[in-house]
Amino acid sequence: MSSKDLGKKGEEIAVKYLKKQGYKIIELNYQTKLGEIDIIALDKNILVFIEVKSRISPRYGPPIEAVNQRKRLQVEKVAKVYLTQKNLWHLNCRFDIVSIILTAQKPNIFLAKDAFWVESEK
Amino acid sequence: MLSKVYSSSIFGIDAYVVTVEVDLSPGLPSINIVGLPDTSIKESRDRVRVALKSSKFELSPQRITINLAPADLKKEGSLFDLPIAIGILAALEKVEKESLNNYLLVGELSLDGKLRPIKGALSIAISAKENNFKGIVLPFENSCEASIIPDLAVIPAKELAEVVKFLNKEIDISPCQADSEKIFVNHTHYDLDFAEIKGQKQAKRAIEVAAAGGHNVLMVGPPGSGKTMMAKHIPTILPELSLEEAIEITKIYSVTGLTSSYTPLISTRPFRSPHHTISDAGLVGGGPFPHPGEISLSHHGVLFLDELPEFARHTLESLRQPLEDGVITVSRANSSSTFPARFMFIAAMNPCPCGFLADPIKECTCHPSAIQKYFGKVSGPLLDRIDIQIEVSRIKSQDIEENTEFIESSISIRARVNKARQIQKERFKRRKNVFFNSQISQKDMSKFCAIDQDSKTILNKAMEKLGLSARAYYKILKVSRTIADLEESQEIKSYHILEAIQYRNLDRQRWL
């Protein structure tokens, strides 16, 4: 399966999983000029920005580690745009990462809540 | 939600109160520390977050802003970990805000939530007392040092969770109480004794005179003649420290991180012997956040510079002012700190590059111009500050076998030094900033160092015959005054002058 399809499949699985965890999905694939965020959801009263990473095999390491410095900065930037656009700065926010490994039978899903905070200016 | 926690930071060797303000707001989760923190304080972010987790406090994602007031002073150190963590908990209403007004909090945090020792605990305790705090909460290892300050509740803590319970009045931690007098007396003990030094009677005598009058010394001699050994023994014949002096020294050492729970109070005179490759900042103090240098670490003690010609000229130059004033002021762009630096300056060198110029047995292999160049390195204003020059020669074999029982001990020498110091105290009671004979100004010469006609004749003859300078003249008078004091003689007699002239060896030989 192509990487685009893999990504799409992973997101579908992620959405289903998060709904089961009680998240309320608000946006999917929120796109801006600076980049995009896979899922924006509400977990009780916290606004959560979620990055989904899918892999076919665990060979190249846990998907969570694919969310590197550059990716994190991008997610932060897009999140700020979202908050400003929707005027939601009064909400508490959080960054989650969902990692999915599509093994033979059941997909391996791991949800990292509060995976990272914004790196302050040095 | 805003909370305030009081803490402290070090500037120079004193501490000042820092207010740690914490605000929690919605928005993207982050921790931001403002108020000119240095790198180690910026890293508090991560230590505090994990320490809170380890101590089973939940920190939900939110925008945390921490301000260290006053915001225009640069701050350094890892001691803000504890107040920041408590500030966050107070903002989350997990800690009662009331107790925060009574205590100053300091401490570094480990990732497991335990408290780690900090520097400058004594100065911080002094600052807490001066600012009317009821007490301070600090790491266990620093509590003994801080408890030297009376009327301050010094609360020793081992971990973050414990501090929280204490501030919430759920548990009680009894304050650490130290008997400063007792610690002082117990630790006033030197391992060395002058009785261990065999032979070298003249050198020992010269050192006794130097100790009595606060005179600086230059020892010239071949390698292995015992110059370093004698220098190390000097603190043992200096008068005992007073408690105030001990506290002053401890403050300096505490800020430099050289005190420990074993030595909460430094009660012996310091002996510092920096290597000749030391930098200017290392010697006199400085660095981006001004720290005390070797001269301050020798405060009320001895600074020994071995191999004097090997020191860089500009490094020695920086000693001039402190030798004159007894303090060193380090200035930065928007602040300056003054460190105390009143020490006895002892220098040692070889008589020539190979070391054996005046040696009766070994032959000197140096070219005369090399010898001149060698001495040339140390001529100048620094030598002006040296009142006593001793030639330390190789120890004779019969001296090595000398029976220790018959050699005078430090205690006995110190008794004489003490008496001479007492005389000086009385003499200078109306003079500000003059404590020793070595500090007598030219104006006061005729008042304190009057000599009779005989002595004048001898002195003038010596000046002529040996080609001594006017500078040397005054030095001889000052040293004679000390020699007379050691004998408890009010007048300076001619044989006092004769002895003092002996200590101008190097002038005599035109080496300097």
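Reader: Which residues does B:Ile136 touch, and what makes them contacts?

Author: B:Ile136 touches B:Tyr103, B:Leu104, B:Val106, B:Ile124, B:Ala125, B:Ala128, B:Ala146, B:Leu152, B:Val154 and B:Ile155, leaving out residues up to four places away in sequence. They are called contacts because two residues are in contact if their C-beta atoms, placed from the backbone, lie within 7 Å. This is a predicted model, in which local features need pLDDT of at least 70 and side-chain atom pairs count only at pLDDT 80 or more, while totals for chains, interfaces and linings use all residues. Residues are numbered from 1 along each chain as its sequence is written, and chains are lettered from A and ligands numbered from 1 in the order in which they are written.

Reader: What makes a set of residues a nonpolar core, and how many residues has the largest one?

Author: A nonpolar core consists of buried Ala, Val, Leu, Ile, Met, Phe, Trp, Tyr and Cys residues joined through C-beta atoms within 7 Å. Buried means that 20 or more other C-beta atoms lie within 10 Å of the residue's own; with 12 or fewer it is exposed, and in between partly exposed, the C-beta atoms being placed from the backbone. The largest core has 160 residues, and B:Ala85, B:Ile86, B:Ala125, B:Ile136 and B:Val217 have the most contacts inside it. Helix α3 (residues 81-91) of chain B gives the most to this core, namely 8 residues.

Reader: Why is α8(B) called mostly covered?

Author: Of its 13 residues, 10 are buried, among them B:Ile207, B:Glu208 and B:Val209. The elements covering these buried residues include β10 (216-220), α9 (227-233) and α18 (410-427) of chain B. Helices (H or I, at least four residues) and strands (E, at least two) are DSSP runs, numbered from the N terminus.

Reader: How many residues of chain A are in contact with chain B, and what makes some of them nonpolar?

Author: In this contact, 13 residues of chain A meet 9 residues of chain B. On the chain A side, α2 (69-86) and β4 (92-101) each supply at least two residues. That side divides into 6 nonpolar, 3 polar and 4 charged residues. Ala, Val, Leu, Ile, Met, Phe, Trp, Tyr, Cys and Pro count as nonpolar, Asp, Glu, Lys and Arg as charged, and the others, Gly among them, as polar.
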